[in-house]
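User: Please take a close look at one part of this model, a helix and the elements packed around it. What does it touch, and how does that part sit within the whole chain?

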Amino acid sequence: MSDTLTPAAEPAVTGTYQQSGTFLHSSAGAHADKLMPVLDKYPVSAADVALRLPPNRALNPSCFYPETTPTVVQRMNLDDDLADHLARQLRCQAVIQESFAEASIGNYFPLSTMFENCVLFIPSAKRFYDLNQDIVYDHFPEVETAVVNAFVVTANKRSYGTHAASGIALQIPSLVKKQLGFPTEYRSFHTALTPTPLDRQPFVIFEEAEVEAPNLQFVYEKMLEYGLDAAEKAAVDKALYLFLEGKLSEIDLPTVRDFLMAKYWSKRYAETPSPGYYCDSRVGDALVFDNYRAHGDGTLPSSPKDRLTIDFRCFNKVHYPPGMTGGLDFIVDPDERNYQIRRKRASLEFLLATLGYENIDEFLRLVFGSRHNENINPFGLMTDLQFGVYNKSEYHLLDQNLDDHYERVERVYEQIEKDGEFVLPSHAKAMLDALYSEGPAV
Ligand SMILES: [Fe+2]
C-alpha cells in the first residue's frame, strides 16, 4: 500500500509525512556555500571569464520539464536478516571510503564506494535488488534499468545538501528538445535501513517546488534576473565559465554543477519559500520519488547515529541519437573520450585495489571468466550518471554472478572488524595519488 505525500495546502494527514521546518531556498543556499570552495582549485583570468559570458557571448539555455508524480511511501521486501547484513556491509564500506574521503568536497564522484559503485562493495545489495523487482515494476512499469545505490550518512556528519538528478545530455539543448540521451522518467526507491525521525538526518524532499531539469546556462540567466551581489556574480561567472570551457576534472564537475543548481534555488525560492518534507520511516519503508525533484538537506542537526539507506535508481529506456549508445558518445573529441575511458578504468581499478585486487583484469577474470578479454568498456560494467550511461550493457555487474567477488569483500570486511580500522594498501594509495595528480580533463 502507498500513501501520497500531502502538499502544504492539505497538511500531512497520516502523521507519516511532516514538514522538516526547512525551506528550499535556505537549504540550497547553505549547500551552495559549502560547495563554493571547489572553485578555488581553478585559478582563472577575469578577462577570459568575461569573454565567454554575456554580453560578450550568448548562452544556449534549455530546460526539460518532466511529467511529475507525487512522492509516495512504499513498504519494501526487507527482512531483519537482510537489513542487518546491509547495515554491516554499509558500515564497513564507509570505513574504506573514509580512508580516502578527503578526495572530494561533494559526495557523488567517480571514486565513491557508494552510488553505482556499491555493487562492488555491498554483497547484500544484489539480494535486495532481486527481492524487490516486482515492487519497482508495480510503481514504474516503464522501468528499463534499475541500479542499487546504498549509502551511509555517518554519525555526526550532515547528509549531502539539496540537489536533483542531472546528466550530460540535459546540458545540450538540441538533445533536450528531442529528449535524447537522458531518462525522461527517473524514479528512486529510497529505503530506510535505520529509522529516520527528524533528529536522525532524514531524507528531505521539496515536494512543492517545480520539477525541472534545466541546463546550467538556463539557471545562470535566471540568476541574473533574480539578482546577485558582486561576490555571488563572480562565483557563478567563474563556475559557468569553467564548466562551459571543459576545464573541470570529472571529479569536480558534479560539485560545480550542484553549486550552480543550489545557488539557483536559493534565489528562485527566496521570495516564495518552498517547504521540505520528511518521513519518519521505519526500517524497510521507501520513499518513491521523482529524482528530478529537489531533494536532500544538509542543514538539519547532525545525528549521533549513522543513517543507512539503500536506494534503487530506476530509469525508463533512454534513447540516443543514431550511432550512439551512451552519453560518452557526446564527447566529440576522440582524445577526450579515450581519456575519460582511461580515467573510468583507473577509478575502478583504484576501488578494486582497496579490496585487494592487483588490477582490474584480475577482477574481470574472476567475474567474466574467459569473456574477460572481450575488451570490456569500463563504462559497460555499471551505469554512470555523470556521463549519461543509463541503459545497461551485457556486462552490467548487477546481472552477473558476483559470488566469488563477494567472498573477497567479505574477507576484507572481517579484517576491518577485527582491526577496527582500514589502511589503504600502498598500491591503492599510489593509484589514488596518480588519479589526482593528473589534474583536470583537457
Ligand atoms: Fe539524490
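Predicted model: local features only at pLDDT ≥ 70, side-chain atom pairs only at ≥ 80, totals over all residues.

Analyst: Just after helix H8, Gly-227 takes a positive phi of about 105°.

H10, residues 253-268, is the helix to follow from here.

Helix packing comes down to two quantities, the angle between the axes and the distance between them. For H8 and H10, the axes come within 9 Å and cross at roughly 35°, and the crossing is left-handed. On the H8 side the contact is made by Leu-216, Val-219, Tyr-220, Lys-222, Met-223 and Tyr-226. They meet Arg-257, Leu-260, Met-261, Lys-263, Tyr-264, Lys-267 and Arg-268 of H10. By class, eight of the contact residues are nonpolar, none is polar and five are charged.

H9, residues 230-244, is another neighbour of H10: the two pack at an angle of about 140° with their axes 10 Å apart. Angles over 145 degrees would count as roughly antiparallel, so H9 is oblique to H10. This crossing is left-handed. Val-236, Ala-239, Leu-240, Leu-242 and Phe-243 of H9 make the contact with Val-256, Arg-257, Phe-259, Leu-260 and Lys-263 of H10. Eight of these residues are nonpolar, two are charged and none is polar.

H1, residues 24-35, also packs on H10: their axes come within 7 Å and cross at roughly 145°. H1 passes H10 in a left-handed crossing. The H1 residues involved are Leu-24, His-25, Ala-28, Gly-29, His-31, Ala-32 and Leu-35. In H10 they meet Thr-255, Asp-258, Phe-259, Ala-262, Lys-263, Trp-265 and Ser-266. This contact holds seven nonpolar, five polar and two charged residues.

The surroundings can be described briefly. The protein chain has 14 helices and 11 strands. Its radius of gyration is 21 Å, close to the 22 Å that the globule rule gives for 442 residues, so the chain is as compact as a globular protein of that length. The C-alpha trace spans about 60 × 55 × 45 Å along its principal axes, and 46% of the residues count as buried. Among contacts between residues at least 6 apart in sequence, 86% join residues at least 24 apart.

One glycine elsewhere in the chain is worth a note. Gly-420 is found in the loop between helix H13 (403-419) and helix H14 (426-437). With 7 other C-beta atoms within 10 Å, Gly-420 is exposed. Gly-420 and Cys-92 are 328 residues apart in sequence, while their C-alpha atoms are 9.8 Å apart in space.

Conventions: Residues numbered from 1 in each chain as written. Axes fitted to C-alpha atoms, helices over the stretch in contact; angles between N-to-C directions. Helix = DSSP H or I, 4+ residues; strand = E, 2+ residues; numbered from the N terminus. Left-handed = near helix turned anticlockwise from the far one by under 90°. Contact = placed C-beta atoms within 7 Å. Nonpolar A, V, L, I, M, F, W, Y, C, P; charged D, E, K, R; others polar. Parallel < 35°, antiparallel > 145°, perpendicular 65-115°, else oblique. Rg over C-alpha atoms; globule rule 2.2 N^0.38 Å. Buried ≥ 20, exposed ≤ 12 C-beta atoms within 10 Å, placed from the backbone.
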